[in-house]
Amino acid sequence: MKKGLYLLFFTAFLYAAKADAQKRIYVNEYLNIGVGGRGLAMAGAQSATANDVTASYWNPAGLMQVDNDFQVGLMHAEYFSGISKYDFGGIVKPLKDKKRVVGFSVLRFATDDIANTIDYVQPDGSFDESKLKSISAGDYAFLLSYAQKLNILKKHPLFETTIGANVKVIYRNLGSMATAWGAGVDVGLQGSYKQWRFGLMAKDITTTYTAWSFNLSEHDKEIFGKTGNEIPVKSYEVMYPRFNLGLARNLMKPGKKIQVLAEIDADITTDGKRSTLVSTKGFSIDPHMGIEAGYKNTIFLRAGIGNIQRVLDDKDTTNQKKYTLFQPSAGIGIKLKALVIDYAFTSLQAQSNPLYTHIVSLRLDINRVVRKKNIPDEVPAAPAQ
């Protein structure tokens, strides 16, 4: 089993390294934003420590940390002054033996009420308000997750490992004019040794293809032709494997009222040269880090730094000087018995042109209540004969 896992990850990495150099980058980027107030407040540093319903996104191996009968998570965020909405919902259920966990989650990034002006302008140049209609452009992902314990080092009981996987289905649409479907597989590992945590997440390990189909009417095609637009026939997008390595440590001894957790991750993309701190033609590396301080496992303060880049200084006319950009994030969390509320303040861009947003996520821990039957303490004596 151990050799098989190493071969699986190694083969996927070699395949990505030898892929066609003309591949497109930044495909389906809505799948790389992140989910949950905790993870986004820590700049996405979650591969090693994700331990709740959001682990289906960050690292499905972390679902083994869920010890409730059910766990439900919801998240909502808005971007571009509320024009686009980003939502997440998930549910996790450990199986009876507590050695396996299953989950299902949905992501949606959509822009609604987009003006469709294809019939708005009349041949005489006038505008017909009755022809002005609205459409929605939506990107969806459906994740079916599974996780279980992995006994790699049985002789070392302090070293614990878990493995998880997602079967991912992608659906995208632009009104009734175009739709796209895709499917892929994610695989994750988590390990712990004393106060250390380790994580490895491999997204789209089989390479994910998204195929577009277009449903343009003859009238639409005629308008496209008259306005000089290309009439699309078919298209597809390829998501190449993406790896995330995480290392974390609990900085305080167990049992203390105050706990501090720090994690550093590195996203390794294989789809070409990106605007990251380390960038080559074959792969790019994007480091990010986060920290969480908790008090009595009830109140949490979080912060993180990600999207670190070296960019040219606009003031330098020689285009030689560079400076470092990064994307900061922060947030808080409150645990009220079965309800957990997490808040994050972050952005989609680096600090030069930030697009900040408020993110709120909720988690509900559900446990069944076992009621004992009323059994009398004493059995009444039989009546005398």
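# Salt bridges, patches and strands

Trainee: How many salt bridges are there in this structure?
Mentor: The model is predicted. A salt bridge here needs a side-chain nitrogen of Lys or Arg within 4 Å of a carboxyl oxygen of Asp or Glu. By this rule, the number of salt bridges is 15.

Trainee: How far apart in sequence are the parts tied together by Lys 98 and Asp 69?
Mentor: Lys 98 and Asp 69 form a salt bridge, and their closest N and O atoms are 3.8 Å apart. Lys 98 lies in the loop between β2 and β3, and Asp 69 in the loop between α3 and β1, so the pair ties together parts whose separation in sequence is 29 residues.

Trainee: Is Lys 98 buried or partly exposed?
Mentor: A residue is buried under 20% relative accessible area and exposed over 50%, with partly exposed in between. The relative accessible area of Lys 98 is 41%, so Lys 98 counts as partly exposed.

Trainee: What is the N to O distance in the salt bridge of Asp 139 and Arg 172?
Mentor: The side chains of Asp 139 and Arg 172 meet in a salt bridge, with an N to O distance given below. This pair links distant parts of the chain, with Asp 139 in strand β4 and Arg 172 in strand β5, 33 residues apart. Asp 139 is buried at a relative accessible area of 15%, and Arg 172 is buried at 14%. The distance from N to O is 2.9 Å.

Trainee: Which residue forms a salt bridge with Arg 108?
Mentor: Arg 108 counts as partly exposed at 22% relative accessibility. The closest N and O atoms of the pair are 3.3 Å apart, and the partner is Asp 112.

Trainee: Which residues are linked in a network of salt bridges?
Mentor: Side chains of opposite charge can pair when their charged atoms come close. The residues linked in a network of this kind are Arg 38, Glu 292, Arg 302 and Asp 342.

Trainee: In which strand is Lys 322 found, the residue in the positive surface patch?
Mentor: The positive surface patch is formed by Lys 273, Lys 281, Arg 310 and Lys 322. Lys 322 has a relative accessible area of 48%, so this residue is partly exposed. The strand that holds Lys 322 spans residues 322-336 and is β15.

Trainee: Which element gives the largest share of the nonpolar patch?
Mentor: The nonpolar surface patch covers about 680 Å², and its residues include Leu 74, Ile 334, Leu 339 and Leu 364. The elements that give two or more residues to the patch are β15, β16 and β17. The largest share, four residues, comes from β17.

Trainee: Why does Val 260 count as buried?
Mentor: Val 260 is found in strand β11, residues 258-269. Leaving aside neighbours within four places in sequence, Val 260 is in contact with several residues, among them Leu 251, Met 252 and Ile 291. Buried means under 20% relative accessible area. Val 260 counts as buried because its relative accessibility is 16%.

Trainee: What separates the C-alpha atoms of Phe 283 and Thr 269?
Mentor: Phe 283 is placed in the loop between β12 and β13, and counts as partly exposed at 31% relative accessibility. Not counting residues up to four places away in sequence, Phe 283 touches Ile 268, Thr 269, Thr 270 and Gly 272. Phe 283 and Thr 269 are 14 residues apart along the chain, and their C-alpha atoms are separated by 5.5 Å.

Trainee: What is the phi of Lys 296 near?
Mentor: Lys 296 lies in the loop between β13 and β14, and is partly exposed with a relative accessible area of 47%. Its phi is positive in a residue other than glycine, with a value near 55°.

Trainee: In which strand is Asn 307?
Mentor: Asn 307 has a positive phi of about 50°, although this residue is not a glycine. The place of Asn 307 is in strand β14.

Trainee: How many strands are there in the protein chain?
Mentor: Of the 385 residues of the protein chain, 43% count as buried. Among contacts with a separation of 6 or more, 57% are between residues 24 or more positions apart. The chain has four helices, and the number of strands is 17.

Key
Residues numbered from 1 in each chain as written. Predicted model: local features only at pLDDT ≥ 70, side-chain atom pairs only at ≥ 80, totals over all residues. Heavy atoms only, no water. Patch = residues over 30% accessible without salt bridge, like charges linked within 9 Å, V, L, I, M, F, W, Y side chains within 5 Å. Areas by Shrake-Rupley, 256 points an atom, 1.4 Å probe, with all protein chains shown as cover. Lys, Arg positive; Asp, Glu negative; His and termini not counted. Charge placed at Lys NZ, Arg CZ, Asp CG, Glu CD. Buried < 20%, exposed > 50% of the residue type's maximum accessible area, 1.4 Å probe, protein only. Contact = heavy atoms within 4.5 Å.
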